[in-house]
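Me: I've got a model open and I'd like to talk it through. Can you walk me around?

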Amino acid sequence: MEQQHAGDSGNPVGPTAGGNWNSGGVQVTGGSTVHGPVAGGQGATVRIIIGGGPAAGPAGPDGLRAAAEQLRAALALVRAERPDTVAPEDAEDADAALAEILAETARERPREGVLRRRVGTVVDALRTVTLLTAAVAGLESAFAALLG
C-alpha cells in the first residue's frame with residue numbers, strides 16, 4: 001500500500017486515493033466520540049459497546065445510582081434494538097435488580113448487603129452480553145468505590 005507523506009518528514013499519514021485502510025480491529029465504548037473513518041478495507045472490524053465504561057463519576061451512592069441508570073438505559077436500548085442479545089429472563093432479572101439499586105441508593109443510608117446482592121444479580125445476568133460489558137464494568141466499579 002502506498003503511503004502519503006507529510007512534507008519532507010517522511011511520516012506516513014494514510015493511504016493514497018484508492019488505497020485501503022485496515023485498522024486490524026477497533027473498539028468503541030459508550031461515551032466515546034468518533035469522527036471520520038474508523039475501520040475500512042478487507043478484514044477490518046469495529047466493535048461498538050453500548051453504555052459507558054468505568055469512567056470516574058460521582059462518588060458514593062450517587063455514583064452507583066448514575067452507573068445503574070446508565071446500565072438500565074443501555075439494557076433497554078439493547079432489548080429494543082437487538083432483542084435476541086439478552087435472554088428475556090436475564091433482562092428482567094437485571095432490570096428488576098437495577099430498579100432496586102436505584103431505590104436503595106435513594107435512601108438516606110443505603111444498605112450494603114442489599115446493594116451487594118442486587119449488583120451481583122445484575123452482573124450474573126448480564127456478564128456475557130458483549131454490548132453491555134462496559135456498562136456492567138461501570139456498575140461494578142461504582143459499587144467498589146462506594147465501599148471505599
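This is a predicted model: local features need pLDDT of at least 70, side-chain atom pairs count only at pLDDT 80 or more; totals for chains, interfaces and linings use all residues.

Me: What pattern does the chain follow, read along the sequence?
Reply: Going along the sequence, the pattern is β-β-β-β-α-α-α-α. In total the chain has four helices and four strands. Helices (H or I, at least four residues) and strands (E, at least two) are DSSP runs, numbered from the N terminus.

Me: How much of the chain counts as buried?
Reply: 28% of the 148 residues. Buried means under 20% relative accessible area, exposed means over 50%, and partly exposed is in between (1.4 Å probe, protein chains only).

Me: And which residues have the most contacts inside the largest nonpolar core?
Reply: Leu71, Ile101, Leu126, Leu132 and Leu139, in a core of 28 residues. A nonpolar core here is a set of buried Ala, Val, Leu, Ile, Met, Phe, Trp, Tyr and Cys residues joined through side-chain atoms within 4.5 Å.

Me: Which elements give two or more residues to this core?
Reply: Helix H1 (60–81), helix H2 (88–105), H3 and helix H4 (133–147). H1 gives the most, with seven residues.

Me: What does leucine 139 touch?
Reply: Not counting residues up to four places away in sequence, leucine 139 touches Leu64, Ala67, Ala68, Leu71, Leu98, Ile101, Val119 and Val122. Contact means heavy atoms within 4.5 Å.

Me: Back to H1. Which of its residues are buried?
Reply: In H1 the buried ones are Gly60, Gly63, Leu64, Ala67, Ala68, Leu71, Ala74, Leu75 and Val78. They lie on the same side of H1, because they cover an arc of only 130° around the axis. That arc is taken from the directions from the helix axis to the C-beta atoms. On the other side of H1, Ala80 and Glu81 are exposed.

Me: Why would spaced-out residues share a face?
Reply: An α-helix has 3.6 residues a turn, so residues three or four places apart point the same way.

Me: How far does H1 reach from its first C-alpha to its last?
Reply: 32 Å for 22 residues, close to the 32 Å expected at 1.5 Å a residue. The expected span is 1.5 Å times one less than the number of residues in the helix.

Me: OK, H3 next. Which residues are buried there?
Reply: Val114, Leu115, Val119, Val122, Val123, Ala125 and Leu126 are the buried residues of H3. Their arc around the axis is only 170°, which puts them on the same side of H3. What covers them includes H1, H2 and H4.

Me: Where is arginine 116 placed?
Reply: In helix H3, which is residues 112–126. Arginine 116 is partly exposed, with a relative accessible area of 42%. Leaving aside neighbours within four places in sequence, arginine 116 is in contact with Phe143 and Leu147. From arginine 116 to alanine 144 is 9.7 Å, C-alpha to C-alpha, though they are 28 residues apart in sequence.

Me: Which residue forms a salt bridge with arginine 116?
Reply: Glutamate 112 does, with the closest N and O atoms 2.6 Å apart. A salt bridge is a side-chain nitrogen of Lys or Arg within 4 Å of a carboxyl oxygen of Asp or Glu. Because glutamate 112 and arginine 116 are four residues apart in helix H3, about one helical turn separates them. Glutamate 112 counts as partly exposed, at 43% relative accessibility.

Me: How many salt bridges does the structure hold?
Reply: Seven. Among the residues involved, Glu104, Arg107 and Arg111 are linked in a network.

Me: How do the distances look in that network?
Reply: Glutamate 104 and arginine 107 have their closest N and O atoms 3.3 Å apart. For glutamate 104 and arginine 111, the N to O distance is 2.8 Å.

Me: Is glutamate 104 buried or exposed?
Reply: Buried, with a relative accessible area of 5%. Arginine 107 counts as partly exposed at 41% relative accessibility, and arginine 111 counts as partly exposed at 42%.

Definitions and conventions. Residues are numbered from 1 along each chain as its sequence is written. Side-chain values use heavy atoms; hydrogens and water are left out.
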